[in-house]
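These are my notebook entries on a single chain, kept in the order in which I looked things up.

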Amino acid sequence: MEILGTTLRVCVDDLEASVPFYERLAGTRALRFERGGVSVAAVGCFLLMSGPAAELDVLRKVAATIAVKDVEEAGRVLGELGAHILAGPVGTPAGRNLIAMHPDGVVYEYVDRGTDR
């Protein structure tokens, strides 16, 4: 499994107020989308999320997003290493993802830029 990078997940109260700061910090424009009632802005290595408290409570349980070359392969490797796949792989606006709990109990999202969306 090839890990390409990580994304820091940031829950914010006001996405519109937060985006300009992160755009200037990262030196890039935000890519925006909505998922499950949550507004999302991807800015460099930051994934800003804003929405209903109940949805954000669930999202806060995921420690980080890890970009991989192939999410299917990541799922196989994670399973072999004793991780528990909680969800996925499924298509998202940005590629495919899966949610896995590592043997230490920490939960991560794994994503790729696969074409089956």
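Is Glu72 buried, partly exposed or exposed? I find that Glu72 counts as partly exposed, at 35% relative accessibility, where buried means under 20% relative accessible area, exposed over 50% and partly exposed in between, with a 1.4 Å probe and protein chains only.

**Entry 1: ground rules.** I note that this is a predicted model, in which local features need pLDDT of at least 70 and side-chain atom pairs count only at pLDDT 80 or more, whereas totals for chains, interfaces and linings use all residues. Residues are numbered from 1 along each chain as its sequence is written, and side-chain values use heavy atoms, with hydrogens and water left out.

**Entry 2: surroundings of Glu72.** I placed Glu72 in helix H3; helices (H or I, at least four residues) and strands (E, at least two) are DSSP runs numbered from the N terminus. Leaving aside its neighbours within four places in sequence, Glu72 is in contact with Pro89 and Arg96, contact meaning heavy atoms within 4.5 Å. I also looked up the C-alpha atoms of Glu72 and Asp112, which are separated by 9.1 Å although the two residues lie 40 residues apart along the chain.

**Entry 3: salt bridges.** I used the criterion of a side-chain nitrogen of Lys or Arg within 4 Å of a carboxyl oxygen of Asp or Glu, and the structure holds seven salt bridges. Side chains of opposite charge can pair when their charged atoms come close. Glu72 forms a salt bridge with Arg96, and the closest N and O atoms are 3.6 Å apart. This pair links distant parts of the chain, with Glu72 in helix H3 (residues 71-80) and Arg96 in strand E7 (residues 95-101), 24 residues apart. Arg96, at 11% relative accessibility, counts as buried. I then found that Asp70, Glu72, Arg96 and Asp112 are linked in a network of salt bridges.

A further salt bridge joins Arg9 to Glu109, with the closest N and O atoms 2.9 Å apart. Here too the pair links distant parts of the chain, Arg9 in strand E1 and Glu109 in strand E8 (residues 107-112), 100 residues apart. I recorded both Arg9 and Glu109 as buried. Arg60 forms a salt bridge with Asp57, for which the closest N and O atoms are 3.5 Å apart, and Asp57 is partly exposed, with a relative accessible area of 44%.

Entry 4: Asn97 is found in strand E7 and counts as buried at 9% relative accessibility. Its contacts beyond four places in sequence include Gly88, Pro89 and Tyr110. The peptide bond from Gly88 to Pro89 is cis, with omega near 5°, and Pro89 is found in strand E6 (residues 84-92).

**Entry 5: nonpolar cores.** I counted as a core any set of buried Ala, Val, Leu, Ile, Met, Phe, Trp, Tyr and Cys residues joined through side-chain atoms within 4.5 Å. The largest has 11 residues in all, among them Ala64, Val71, Leu98 and Tyr110. The elements that give two or more residues to this core are strand E5 (62-68), H3, E7 and E8. A second, separate core of 10 residues includes Leu15, Val19, Phe46 and Leu48.

**Entry 6: helix H1.** Which residues of H1 are buried? I listed Leu15, Ser18, Val19, Tyr22 and Glu23. They lie on the same side of H1 because they cover an arc of only 135° around the axis, the arc being that of the directions from the helix axis to the C-beta atoms. The face turned away from the buried side carries the exposed residues Ala17, Phe21, Arg24 and Leu25. At the start of H1, a side-chain oxygen of Asp14 reaches to within 3.2 Å of the backbone nitrogen of Glu16, and H1 is followed by Gly27, whose phi is positive, near 70°.

Terms used
A polar contact is a pair of N or O atoms within 3.5 Å; within protein, one must be able to donate a hydrogen and the other to accept it, and residues adjacent in sequence count only if both atoms are side-chain atoms.
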